[in-house]
Amino acid sequence: MALRTEELTFSLGPQHPSTHGVFRAMVTIDGERVVHVDPVIGYLHRGTEKIAEWKTYPQIIPYTDRMDYLSAMLNNYCHVGAVEKLLGLEIPEHAEYIRIIVMELNRIASHLVWWGTFLLDLGAMSPFLYAFKDRQVILDLLEEISGARLTYSYMRIGGVKRDATQEWLRRVDDFMDEMVKNIQGYNNLVTGNEIFQSRVKNVGVYDEAFAKRWGLSGACLRCTGNSYDVRKSDPYSLYPKFDFEIPTRTSGDVWARYIIRIEEMLQSIRIVKQAIRNLPDGPFMGKAPRNIRPPKGEVYFHIESPRGDMGCYIVSDGSDHPYRWHWRAPEFANLAAFPAITEGVNIADMIAILGAIDIVLGGVDR
Amino acid sequence: MFRWAKGYAYTGKRLFEKTVTIQYPQQKPKIPEGWRGRHYFYPDRCTACDACARVCPTEVITVVSHRDPETKKKILDDYTIEFERCILCGYCEEACPVDAIKMGDVYELASYAREQEFMTQEKMLPPGYSTDVVVHGQGEAYRGGDYRTKPEKKVNH
Ligand code: SF4
Ligand code: SF4
């Protein structure tokens with residue numbers, strides 16, 4: 001029989017280091033146990049969906065950069081892909097390969113941020129520095145090809161903004177080899193650590209039915225044994241041509257989510273290496289109309305973002321701007337399950353669970 | 001048991017690696033080609049076609065121009081960017097048919113007052129240009145967003 005004490009409600013955030021952005025959680029605790037968590041979101045709301053109704057289709061691309069700012073390339077692609085689907089455009093293979101390279105690089109960079117900050121939440125400082133060091137190299141590469149460090153705006157309807165040079169591709173290839181070694185180092189440093197393992201194993205456990213009920217996706221779903229990944233389940237772009245695996249685990253705890261993300265980085269490296277090896281020649285920009293006016297109709301296009309199933313829904317009225325533009329943010333759905341997972345856990349575990357969800361508030365609030 | 005030693009060993013191994021950061025104010029970063037910094041504007045090249053203002057997502061470019069009554073050509077009178085709201089997307093550079101507006105390599109964008117963020121032609125002159133090419137005249141101002149469908153048309157569906 002646990003000792004009951006008086007309940008205490010406090011506010012975690014809005015600017016707490018473990019809330020990654022501006023997220024507030026009203027936490028009610030009873031001693032060390034969490035009784036109830038009430039997430040308060042919206043601090044980063046910029047009304048992107050409404051703004052998008054007033055922008056032409058190409059003009060929306062820079063706005064998508066600023067939603068889930070850790071995976072701007074993928075956001076770009078989701079919007080661009082939706083418009084291309086609506087227009088029925090053919091994208092040159094060369095462009096599509098470059099897109100896949102930059103998207104997977106961005107996925108690795110995003111997972112590195114998650115890895116660093118997640119361990120920072122758990123009280124480990126140095127992994128953060130290593131992660132950001134490697135991420136810096138990726139960001140420099142992406143900066144060089146797109147012109148900006150985070151807000152790439154690199155995709156265009158019909159292709160990409162600039163072509164990749166051979167020299168750039170060679171450097172990406174070299175870095176991927178280095179990255180494989182670094183991930184082994186990460187495993188040495190953190191993954192095998194008993195203290196770390198005892199903090200994450202059997203913490204925040206849920207099963208597949210729970211994950212489906214809450215609409216979780218990404219690593220938060222795959223940790224329960226479900227292998228749903230849009231790249232395989234509903235293939236887009238040229239992913240069917242690539243040889244890669246979807247890592248899954250069955251234990252459904254924070255540890256499983258951790259391992260899945262580490263393995264996903266290795267899979268992304270595999271994809272990048274394949275793409276560089278098989279990169280066909282061709283134009284980097286297809287034949288897109290100058291004024292983009294998709295036909296009347298609606299379209300839903302979804303991709304696998306580092307955080308899960310990201311979708312873009314466009315209703316077109318035949319003019320040059322969308323009638324309705326909606327974004328499905330995976331981190332929003334994943335965060336919604338946070339109160340349900342944390343009920344009855346320790347405060348320290350709550351932080352681990354929040355970290356493992358991998359939220360990016362720019363994407364949650366949009 | 002000696003797990004901690006592994007951690008130390010890893011730290012020790014990476015301690016003497018090459019750094020990826022630079023000593024910023026003393027050392028300047030290398031700006032890659034095609035990087036998107038603050039604009040350079042070439043008043044002598046601009047044909048006042050408004051393409052940049054039309055494509056700008058944040059509608060911060062104002063092109064002032066008038067039509068020459070004889071040749072019917074547009075003549076640039078003024079060109080400004082409300083740089084506070086510019087998101088450095090580079091669309092203007094891409095849209096310009098004569099390369100009159102280019103994304104530059106200026107990255108030190110902080111200033112003490114909002115007014116300083118308002119980019120006039122003088123402030124956007126590329127290095128080596130004298131202020132002689134700057135034009136100031138009275139004309140019709142054009143700013144992005146004006147061409148968009150009117151709201152009444154949009155709502156009824
Ligand atoms: S960079 Fe983008 S936001 Fe800035 S002036 Fe050019 S088009 Fe407008
Ligand atoms: S697009 Fe170029 S030429 Fe046309 S108004 Fe803008 S700067 Fe001048």
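In chain A, A:Y300 stands opposite A:Y313 of strand β7(A). The model is predicted, so that local features require pLDDT of at least 70 and side-chain atom pairs count only at pLDDT 80 or more, while totals for chains, interfaces and linings use all residues. Residues are numbered from 1 along each chain as its sequence is written, chains are lettered from A and ligands numbered from 1 in the order in which they are written, and side-chain values use heavy atoms, with hydrogens and water left out.

Strand β7 (residues 308-316) of chain A pairs with β6(A) in the antiparallel sense over nine bridges. Two strands count as paired if DSSP finds at least two bridges between them; the strands themselves (E, at least two residues) and the helices (H or I, at least four) are DSSP runs numbered from the N terminus. The pairing belongs to an open, antiparallel sheet of three strands in chain A, with the order β6-β7-β8. Because β6 (297-305) and β8 (322-328) of chain A are edge strands with a single partner each, one side of each has no neighbour in the sheet. From one strand to the next, the twist averages 10°.

Helix α2 (residues 57-65) of chain A lies across β7 and β8 of chain A and runs at about 25° to β8(A). Such angles run from 0 to 180 degrees between the N-to-C directions of axes, which are lines fitted to C-alpha atoms, for helices over the stretch in contact; contact means heavy atoms within 4.5 Å.

Another helix of chain A, α11 (residues 254-278), has 25 residues and reaches 36 Å from its first C-alpha to its last, close to the expected 36 Å. The expected span is 1.5 Å times one less than the number of residues. Of the 25 residues in α11(A), 19 are buried, a term for under 20% relative accessible area (1.4 Å probe, protein chains only), with exposed meaning over 50% and partly exposed in between.

A:D358, with a phi of about 60°, is found in the loop between α14 (347-357) and α15 (361-365) of chain A and is buried at 5% relative accessible area. B:E59, with a phi of about 55°, is in the loop between α2 (51-55) and β2 (61-67) of chain B and is partly exposed at 22%.

Also in chain B, B:R38 is placed in strand β1 (residues 38-41). B:R38 is buried yet has no salt bridge, and the nearest side chain of opposite charge, B:E117, is 6.0 Å away. A salt bridge requires a side-chain nitrogen of Lys or Arg within 4 Å of a carboxyl oxygen of Asp or Glu; Lys and Arg count as positive and Asp and Glu as negative, whereas His and the chain ends are not counted.
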